Amino acid sequence: MERRPVKFEVILAGFGGQGILFAGNLLAQAGMEAGLRVTFLPVYGPEMRGGTCNCTVVLSDREIASPVVTRPRALVIMNLPSFEKFVPRLKPRGLAVVNENLVPRERAAGFPGRRFLFLPADDLAEEEGAPGLANMAALGALVAATRVVPPEKVLSGLQSLLPEHRRHLLEPNRRVFNRGYEFALRNSATASER
């Protein structure tokens with residue numbers, strides 16, 4: 001039996017300063033370490049911190065024709081403006097991992113045919129003593145819910161991407177990633193479909 005080709009397209013979006021670009025870059029790094037072809041396309045406004053930003057990651061076992069994605073299979077949504085902008089673009093039966101600390105669950109009601117995994121990303125990071133790492137909780141949830149890359153590839157990718165002056169953040173990033181991953185393992189089977 002021939003194996004079905006792998007092609008996974010995800011948009012990560014939120015405010016500048018939430019670590020969106022780092023999370024997307026880390027997912028791309030994990031894909032490379034898993035032997036996949038990858039593209040990473042960051043987009044952000046001139047205001048950066050506090051403004052909106054997003055990035056697109058494509059992971060595939062075949063050549064990738066374009067890094068541009070208009071209808072992703074998955075989303076990581078960290079704030080309400082990003083939810084309103086990107087959820088309408090999500091493919092039917094696609095998955096949106098949503099930070100419920102900044103996006104009310106009721107917002108999903110207007111999008112039938114999509115799956116939503118709401119997680120308290122900010123709370124999970126805060127509980128680990130790392131309030132700025134909600135992006136890692138959301139990335140952990142995405143990886144657990146989709147199995148697009150092995151979690152150990154994300155964790156080893158951290159070693160590659162964290163610069164020397166940020167090495168002290170290695171362990172907090174791992175802990176928060178694991179909290180999001182475990183949250184999704186417990187809750188992704190019940191990810192609501194609207």
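## Lys7 and Glu9

Lys7 counts as partly exposed, at 42% relative accessibility, where partly exposed lies between buried (under 20% relative accessible area) and exposed (over 50%), computed with a 1.4 Å probe on protein chains only. Its salt-bridge partner is Glu9, and the closest N and O atoms of the two are 3.5 Å apart; a salt bridge here is a side-chain nitrogen of Lys or Arg within 4 Å of a carboxyl oxygen of Asp or Glu. Glu9, at 12% relative accessibility, counts as buried.

## Basis of the values

The model is predicted, so that local features need pLDDT of at least 70 and side-chain atom pairs count only at pLDDT 80 or more, while totals for chains, interfaces and linings use all residues. Residues are numbered from 1 along each chain as its sequence is written, and side-chain values use heavy atoms, with hydrogens and water left out.

## Arginine pairs and the network

By the salt-bridge rule, the count comes to eight. One of the pairs joins Arg105 to Glu100, with 2.9 Å from N to O; Arg105 is partly exposed at 42% relative accessibility, and Glu100 is partly exposed at 26%.

Arg179 and Glu128 also meet in a salt bridge, at 3.0 Å from N to O. This pair links distant parts of the chain, 51 residues apart, with Arg179 in helix H6 (residues 170–187) and Glu128 in the loop between helix H3 (121–127) and helix H4 (134–146); helices are DSSP runs (H or I, at least four residues), numbered from the N terminus. Arg179 has a relative accessible area of 22% and is partly exposed, and a network of salt bridges links Arg179 with Glu127, Glu128 and Arg175.

How values were computed
Helix = DSSP H or I, 4+ residues; strand = E, 2+ residues; numbered from the N terminus.
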